[in-house]
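Subject: Structure for you to look at

Hello,

Here is the structure you will be working with. Please open it beside this email and follow along; my notes come after it.

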Amino acid sequence: MFSDKKTGRMASETISQQNTIAKGTVITGDIISEGDFRIEGSIQGNIKTPGKVVIGKTGVINGTLKSTNADIEGKFMGKLILSDTLSLKSSAHVEGEVEVGKLAVEPGATFNATCVMKGALKELNNGPGKQTTIQRPGPEKGQSA
C-alpha cells in the first residue's frame, strides 16, 4: 500500500529535478535536457529544454535558448525562443533576438533585442471557418437613425 505511493512520487520527482550550472563553471557546446535549469556559470552554445530556465545574477548564456519559460537576472546574448513567459529581473541584460508568448520586464533591466510576441493572434482567431461578428449599437425599435 505505501510502496505504490513512494514509487509514483519518486518517478515524478526525477522528472522535475533541476539541472544547476554553478558559478565558475564554463560549458562550451549544446545542451538538451528534459529538466529545468538554473545557470550561475557561463554557457557558450545552445540549450533546449521543455522546462524553465533561470539565469542567475552571475549566469551568462551566449547562444540559442529554446524553452517554455525563462527568468533572467544575468546576461543573455543570442536567440531566445520561448513558448510562454520571459521574465526579466532588474539586473538582467539581454541582447539579440527574442520570440516569446508573454514578456515581463522589471525597471532597470537592459533589453536590446528585436522582439516578436507570439500568442496574441491565437486569442483573436476563432478557428477555421469561424468568423466573429461585431454588432454596432443602432437605433432601438421605433427610433429613427
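Glu40 and Arg38 form a salt bridge, with their closest N and O atoms 2.8 Å apart. A salt bridge here is a side-chain nitrogen of Lys or Arg within 4 Å of a carboxyl oxygen of Asp or Glu. Glu40 is buried, at a relative accessible area of 17%, whereas Arg38 is partly exposed at 27%. For these words, buried means under 20% relative accessible area, exposed means over 50%, and partly exposed is in between (1.4 Å probe, protein chains only).

This is a predicted model, in which local features need pLDDT of at least 70 and side-chain atom pairs count only at pLDDT 80 or more, while totals for chains, interfaces and linings use all residues. Residues are numbered from 1 along each chain as its sequence is written, and side-chain values use heavy atoms, with hydrogens and water left out.

Salt bridges

How many salt bridges does the structure hold? There are four. One of them joins Asp71 and Lys52, whose closest N and O atoms are 3.1 Å apart. This pair links distant parts of the chain, as Asp71 is in strand β9 and Lys52 in strand β7, 19 residues apart. Strands (E, at least two residues) are DSSP runs, numbered from the N terminus. Asp71 counts as buried at 18% relative accessibility; Lys52 is partly exposed at 33%.

Asp84 also forms a salt bridge, with Lys102, and here the closest N and O atoms are 3.9 Å apart. Asp84 lies in the loop between β10 and β11 and Lys102 in strand β13 (residues 102-105), so the pair ties together parts that are 18 residues apart in sequence. Asp84 is partly exposed, with a relative accessible area of 26%. Salt bridges that share partners also join Arg38, Glu40 and Glu73 into one network.

Strands and core

Strand β7 (residues 52-55) pairs with strand β9 (residues 69-72) in the parallel sense over four bridges. Two strands count as paired if DSSP finds at least two bridges between them. In this pairing Ile55 stands opposite Ile72 of β9. β9 also pairs in the parallel sense with strand β11 (residues 85-88), over three bridges, and there Ala70 stands opposite Leu86.

The largest nonpolar core has 22 residues, and those with the most contacts inside it are Ile39, Ile47, Ile72, Phe76, Leu80 and Leu86. Such a core is a set of buried Ala, Val, Leu, Ile, Met, Phe, Trp, Tyr and Cys residues joined through side-chain atoms within 4.5 Å. Among the strands that each supply at least two residues of this core are β7, β9 and β11. Ile47 is in contact (heavy atoms within 4.5 Å) with residues including Ile31, Phe37, Ile61 and Leu65, leaving aside neighbours within four places in sequence.

The side chain of Ser33 makes a polar contact with the side chain of Asn19 (3.0 Å). A polar contact is a pair of N or O atoms within 3.5 Å; within protein, one must be able to donate a hydrogen and the other to accept it, and residues adjacent in sequence count only if both atoms are side-chain atoms.

Ala92 sits in the loop between β11 and β12 and counts as buried, at 2% relative accessibility. The C-alpha atoms of Ala92 and Ile72 are separated by 5.6 Å, although these residues are 20 apart along the chain.

Regards
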